[in-house]
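Have the structure open beside you, try each task, and then read on for the solution.

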Amino acid sequence: MSKVISKELFIHLAEILSDNYGLNFFDERFSDLENLTINYFKKLRVNEPEKYIQALIKQENEIININSFVNFLTIGETYFFRGDETFDLLGKVIYPVIFQNSAIENREINILSAACSTGEEVYSTLIHLEMLGYLNLLNKINIYGVDVNSDFLERARAGVYREWSFRNRKDEIIQNYFIKSNDTFEILPKFKSKPEFYRINLVDRDEILSHFSINSFDLILVRNFFIYLTQKNINRIVRSLTELLRPGGYLLTSPSEVALIENQALNKIFNPGLNYFTKQNEKILTYQIRTNNLQKNNSKEVPVFNLEVDEKKRCYDGLQLLIKIDQWNQFSEIVEEK
Ligand SMILES: C[S@@+](CC[C@H](N)C(=O)[O-])C[C@H]1O[C@@H](n2cnc3c(N)ncnc32)[C@H](O)[C@@H]1O
């Protein structure tokens, strides 16, 4: 594979990976993309990499499997009980509220680990719930792990780990919750049978909503993921995840990602150790509407105006917000958010 691949082709590839998968290979990560792509094609013993890169750009899955390439590019770094501050916050502040509300409303609890990698976060959550004495309520808890990387998800479903996955806490966790076999550790069957893992590309709102319902999650953990994304993709994914949260539901990132979250529908709660987010109960949001289509309503043209919009009257078409304006009675106007 001696032929030099043009920089333009890599730039184009970086744009496709960002737009379609949220993977950010711009700036200082651009050379990583070049090296990783070349290594990938070496592994596949491909002689004409340019042709295959073109196929990746054109999303020609029949020539090259795009999902396998994405699997190769994603970084799955994770371990059990990562981020003590998160588990402290969950145990002391968040679970008591979630469990009380679900008991009052007599309903199940839904938890999502978004970008769950090989499942350590999902199983840590279940082990933690057992440690706190909530596990007798296990039949009331639904827990899901989603990730774009199907290889990671296969490992999550298998629930078999090596010692490196326990680098934060070791003996107590391994002894009580895993079955040791040579140098691997398998999560106990009662935990392994609980979660459901799905391959979902979190950039794709439709893919998310084909698996989950709006306003259904009590808690979403989305940690050590946004650091790899552009702000545009972070905003897009936060918007979809916020839709999934129940009003009052919780969204937790890692401490270093808190500053990346900007969403009108989320309240930022200041908490020593880790600030976190809750979805506002208030369902009316104010948007600054910019449209040149008001003539439809026989009004004088008003290029920019503020409008209070109910949740039921908002939806997204890709990145663009559509708002149902009563008199027109359909989601017809493409507007810009304030
Ligand atoms: C560093 S791991 C974080 C794992 C875990 N949340 C933690 O905090 O330990 C980042 C994960 O994001 C996943 N990922 C990257 N892009 C994604 C996308 N567009 N949709 C879903 N998952 C994605 C990767 O496959 C990887 O497993």
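Helix 1 and helix 3 are roughly parallel to each other, because angles under 35 degrees count as roughly parallel and theirs is about 30°. Keep in mind throughout that this is a predicted model.

**Exercise 1.** Describe how helix 1 and helix 3 pack, and find the residues that meet.

*Solution.* Start with the geometry: helix 1 spans residues 7-21, helix 3 spans residues 49-57, and their axes are 9 Å apart. Next comes the handedness, and the crossing of these two helices is left-handed. Now look at the contact itself: helix 1 brings Leu9, His12, Leu13 and Ile16, which meet Glu50, Ile53, Leu56 and Ile57 of helix 3. Sorted by class, the residues of this contact are 6 nonpolar, 1 polar and 1 charged.

**Exercise 2.** Work out how helix 1 is oriented against helix 2, and name the residues in contact.

*Solution.* Helix 2 covers residues 30-43; the angle to helix 1 is about 100°, and the axes lie 10 Å apart. Angles of 65 to 115 degrees count as roughly perpendicular, so helix 1 is roughly perpendicular to helix 2. At the contact, Phe10, Leu13 and Ala14 from helix 1 meet Phe30, Leu33 and Glu34 from helix 2. These residues divide into 5 nonpolar, no polar and 1 charged.

Terms used: Residues numbered from 1 in each chain as written. Predicted model: local features only at pLDDT ≥ 70, side-chain atom pairs only at ≥ 80, totals over all residues. Axes fitted to C-alpha atoms, helices over the stretch in contact; angles between N-to-C directions. Helix = DSSP H or I, 4+ residues; strand = E, 2+ residues; numbered from the N terminus. Parallel < 35°, antiparallel > 145°, perpendicular 65-115°, else oblique. Left-handed = near helix turned anticlockwise from the far one by under 90°. Contact = placed C-beta atoms within 7 Å. Nonpolar A, V, L, I, M, F, W, Y, C, P; charged D, E, K, R; others polar.
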